[in-house]
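Please find below a short note on the model, arranged as numbered points.

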Amino acid sequence: MGNANHKRLVIPGPVEVREEILQAQTQWMIGHRSTAFADLYGRIHSKLQTAFQTQNRVIMLGASGTGLWEGASRNCIRDDKKALHLVGGAFSERWAEISKANGKQIDVITVEWGQAHTAEMVADALQKESYDAVCVVHNETSTGVTNPIAAIGEVVKPYEDTLFLVDTVSGFLGAELRVDAWGIDFALTSSQKAFALPPGLAVASVSEKVLARAKQIPYRGYYFDLIEIAKVGDKNNTPSTPPISIMFAADKQLDDIMTEGVENRWARHLAMRQTTHEWADSRGFGVFADRPYASPTVTTVDNRVKNIDVDAMAKFMSGKNFSMDKGYGKIKGTTFRIAHMGDMQPETLDEVLTGLDEFIGA
Ligand SMILES: *Cc1c(COP(=O)(O)O)cnc(C)c1O
């Protein structure tokens with residue numbers, strides 16, 4: 001393949017996809033009701049269980065992560081009950097909007113952008129009101145904050161009727177995530193972030209409690225009806241036509257991830273976080289996220305003091321064949337993000353930082 005003009009993606013999704021993985025998509029098409037497909041589904045399923053650290057069933061279907069937000073809200077929140085949404089950035093805000101757009105009643109705990117939610121905040125809320133679900137974003141991609149999911153899970157656990165729903169779109173396979181140990185009922189993600197696949201495949205781990213809840217909800221929609229998806233999934237299949245080419249790529253990518261080791265993958269991301277923080281600190285930027293909660297997969301560089309021209313930076317870096325981010329939403333420009341996720345290696349990150357040094361004249 002090889003393309004001298006290809007700009008390597010340093011944006012937080014879609015991320016750079018390795019050539020071997022792109023090539024894996026070019027296998028001859030198979031029918032999704034064939035044995036070959038069931039085998040493919042089964043192989044991916046067992047590797048995804050390892051990736052999620054769960055014994056729960058995993059579902060996969062053609063969608064982006066946004067689709068599974070809608071599926072989670074519709075299948076887990078009863079119309080006469082409420083959900084608690086933890087909001088602290090653009091993505092957690094959007095999920096709350098989606099619950100509302102589906103007619104669900106919600107309460108929101110809001111923190112300043114750059115801050116994390118704490119287990120104490122959730123404990124207080126659960127004492128005051130009963131909720132069908134607690135909805136939290138593992139890794140808030142707009143701010144570069146990773147929420148303390150394990151601690152929040154501990155708080156939710158004793159509440160039998162409260163499902164713990166986690167968006168790990170930009171955390172999964174980059175930041176530590178242990179679905180069973182942390183008591184996560186529904187962990188949703190998509191293929192194009194730290195999973196390092198092309199966009200189009202949505203996956204989630206689903207507990208039995210989620211399915212029991214879904215059965216109590218008469219109008220949970222059609223495309224993301226978890227009961228139907230789980231039923232067909234038990235036969236290693238999907239209700240509608242899945243993105244088979246991306247699944248070929250996922251099969252190969254998961255083999256490579258198993259070879260690297262999930263925990264080693266988390267460790268590589270932590271090492272890249274450290275490199276990026278050291279760079280941001282020593283060049284007079286600093287990091288936007290509250291330090292103890294800074295994301296292993298994406299660093300939001302604080303640009304408020306140094307105030308570099310992010311458009312000029314991106315243009316300069318484009319000349320080095322890197323596609324850079326310029327910040328997200330209301331913190332665009334006052335921050336910019338360096339994604340160090342997926343299959344990025346420390347050597348590539350060094351190249352990115354060297355390029356940025358050239359731009360700022362460090
Ligand atoms: C990218 C992202 C989403 C949206 O996922 P899509 O696959 O683009 O629909 C949701 N949540 C987080 C945290 C994200 O980073």
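1. Are H10 and H12 roughly parallel or roughly antiparallel to each other? This is a predicted model, in which local features need pLDDT of at least 70 and side-chain atom pairs count only at pLDDT 80 or more, while totals for chains, interfaces and linings use all residues. Residues are numbered from 1 along each chain as its sequence is written, and side-chain values use heavy atoms, with hydrogens and water left out.

2. H10 and H12 are roughly parallel to each other (angles under 35 degrees count as such). The axes of helix H10 (residues 262-282) and helix H12 (residues 346-360) cross at roughly 15 degrees and come within 10 Å. Axes are lines fitted to C-alpha atoms, for helices over the stretch in contact, with angles from 0 to 180 degrees between N-to-C directions; helices (H or I, at least four residues) and strands (E, at least two) are DSSP runs, numbered from the N terminus.

3. The crossing of H10 past H12 is right-handed (the near helix is turned clockwise from the far one by less than a right angle). On the H10 side the contact (heavy atoms within 4.5 Å) is made by Arg-268, Met-272, Thr-275, Thr-276 and Trp-279. H12 contributes Pro-346, Leu-349, Asp-350, Leu-353, Leu-356, Asp-357 and Ile-360. These residues divide into seven nonpolar, two polar and three charged.

4. Helix H5 (residues 119-128) and helix H6 (residues 149-156) have axes that come within 8 Å and cross at roughly 20 degrees; the two are therefore roughly parallel. Their crossing is right-handed. Ala-119, Val-122, Ala-123 and Leu-126 of H5 meet Ala-151, Ile-152, Val-155 and Val-156 of H6, a contact with eight nonpolar, no polar and no charged residues.

5. The domain assignment (automatic or from a database) gives domain 1 (19-258) and domain 2 (261-360). Their C-alpha centres lie 26 Å apart. In domain 1, 33 residues are in contact with 23 residues of domain 2. About 2,300 Å² is buried between the domains, 59% of it on carbon and sulfur atoms; buried area is the accessible area (1.4 Å probe) lost on putting two parts together, summed over both.

Notes: Parallel < 35°, antiparallel > 145°, perpendicular 65-115°, else oblique. Nonpolar A, V, L, I, M, F, W, Y, C, P; charged D, E, K, R; others polar.
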